[in-house]
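Visitor: Hey, I've got a structure open and I'd like to chat my way through it. Can you help me read it?

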Amino acid sequence: MIALLRIAVVVVVLVLLARAARVAWRNRRLALVVWRRIGARHVAGSLGLVVVVLATALALLQFVPLTSVGLGSLIGLSGNAVFAPLEEATLRSGGGSPPAAPIDPAEPVALPRPSLPVAAGTVLFLGGLLLLFPWLAYVEERVFREGLEDATLGLQVWRALKFGLLHMVMLIPLAAALAIGVAGFVYGRIYRRAYQRAAEQSEVVQGPFGIPVVRPPSVQRLRAHAVLETTVWHAAFNSTIVALVLVGFVVDWTLRAA
């Protein structure tokens, strides 16, 4: 039964990623804009935020054991469901079989060294995720950050909490979801700062009889600008995590081959 659930998760993840890829391809110009805007400060800031998120998750797991609970622990998945296809492919190629139940949900499942085809597929899969991140980040920013320019601190925290808890559908434990909420709160602050800075700028348009008129940008333009700014940071954060996973995978696979 556990094995069937794991396979079902893999199928669902692949189907959802395929659907997202079709939509992302239709909006590929957005991805180009986002990638061009990512700079050294985004990478450095994302690395710092990764440290904060990981520290928060580990602290919760250490001091609040209940936060280790997650749907993934019930079916033997050791992390985000997005990586379930990689775990399953590694287990199958290595001659292993999914565990019936983890001995300790807080400990990751030990995976065998993947074969060369699986390793190549892993690199391609992670590369595909990187291409999807701009669109996926944009959708989440539109849902959770747009409109926060006049929000109270309580509303900002609530939006961030909902943002983090929603990620539990990816089978991560509660501790990880709450830690992601911290990142969501940071994105909210970035949104507000970008909105305020853009609001301070005015544009000159041609008024009646050709007389120049100075007017502030519309709320729609301000929100679009702020959402794009947070999308860049969000995509940079997700890409940083996948890049770290990719580097770790390649190093581990190389060392095992030695």
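This is a predicted model: local features need pLDDT of at least 70, side-chain atom pairs count only at pLDDT 80 or more; totals for chains, interfaces and linings use all residues.

Visitor: Ok, back to histidine 42. Where does it sit, and what does it touch?

Guide: Histidine 42 is in helix α3, residues 40-63. Helices (H or I, at least four residues) and strands (E, at least two) are DSSP runs, numbered from the N terminus. Not counting residues up to four places away in sequence, histidine 42 touches Arg37, Glu229, Val232, Trp233 and Ala236. Touching, or contact, means heavy atoms within 4.5 Å.

Visitor: What about the backbone oxygen of arginine 37?

Guide: That oxygen lies 3.5 Å from a polar atom of the histidine 42 side chain.

Visitor: Let's zoom out. How many helices and strands are there?

Guide: Nine helices and two strands. Starting at the N terminus, the order is α-α-α-α-α-α-α-α-β-β-α.

Visitor: And how much of the protein is buried?

Guide: Of its 258 residues, 37% count as buried. Also, among contacts with a separation of 6 or more, 76% are between residues 24 or more positions apart.

Visitor: What's in the largest nonpolar core?

Guide: It has 23 residues, and Val9, Leu17, Val34, Phe125, Leu126 and Leu129 touch the most other members. At least two residues come from each of α1 (2-26), α2 (28-37), α5 (84-93), α6 (116-144) and α9 (219-257). The largest share, seven residues, is from α6. A nonpolar core, by the way, is a set of buried Ala, Val, Leu, Ile, Met, Phe, Trp, Tyr and Cys residues joined through side-chain atoms within 4.5 Å.

Visitor: Pick one of those. Which residues does phenylalanine 125 touch?

Guide: Leaving out residues up to four places away in sequence, phenylalanine 125 touches Leu14, Leu17, Val82, Pro85 and Leu86. There's also a second, separate core of 15 residues, including Leu49, Val50, Ala177 and Trp233.

Visitor: New topic: helix packing. Why do α2 and α6 count as roughly perpendicular?

Guide: Their axes come within 9 Å and cross at roughly 100°, so α2 and α6 are roughly perpendicular to each other. Angles under 35 degrees count as roughly parallel, over 145 as roughly antiparallel, 65 to 115 as roughly perpendicular and the rest as oblique. The axes are lines fitted to C-alpha atoms, for helices over the stretch in contact, and angles run from 0 to 180 degrees between N-to-C directions.

Visitor: Which residues make that contact?

Guide: From α2 there are Leu30, Ala31, Val34 and Trp35, and from α6 there are Leu130, Pro134, Trp135 and Tyr138. By class, that's eight nonpolar, no polar and no charged residues. Here Ala, Val, Leu, Ile, Met, Phe, Trp, Tyr, Cys and Pro count as nonpolar, Asp, Glu, Lys and Arg as charged, and the others, Gly among them, as polar.

Visitor: How about α2 and α9?

Guide: Those axes also come within 9 Å, crossing at roughly 75°. Leu30, Val33, Val34, Trp35 and Arg37 of α2 meet Leu228, Glu229, Thr231, Val232, Ala235 and Ser239 of α9. This contact has seven nonpolar, two polar and two charged residues.

Visitor: What about arginine 145, buried or exposed?

Guide: Arginine 145 is buried, with a relative accessible area of 1%. You'll find arginine 145 in the loop between α6 and α7 (153-166). The arginine 145 side chain reaches the backbone oxygen of glycine 184 at 3.4 Å. Among the residues arginine 145 touches are Glu140, Arg159, Tyr191 and His234.

Visitor: One more: where's alanine 194?

Guide: Alanine 194 is in helix α8, residues 174-199.

Note on methods. Residues are numbered from 1 along each chain as its sequence is written. Side-chain values use heavy atoms; hydrogens and water are left out. Buried means under 20% relative accessible area, exposed over 50%, partly exposed in between (1.4 Å probe, protein chains only). A polar contact is a pair of N or O atoms within 3.5 Å; within protein, one must be able to donate a hydrogen and the other to accept it, and residues adjacent in sequence count only if both atoms are side-chain atoms.
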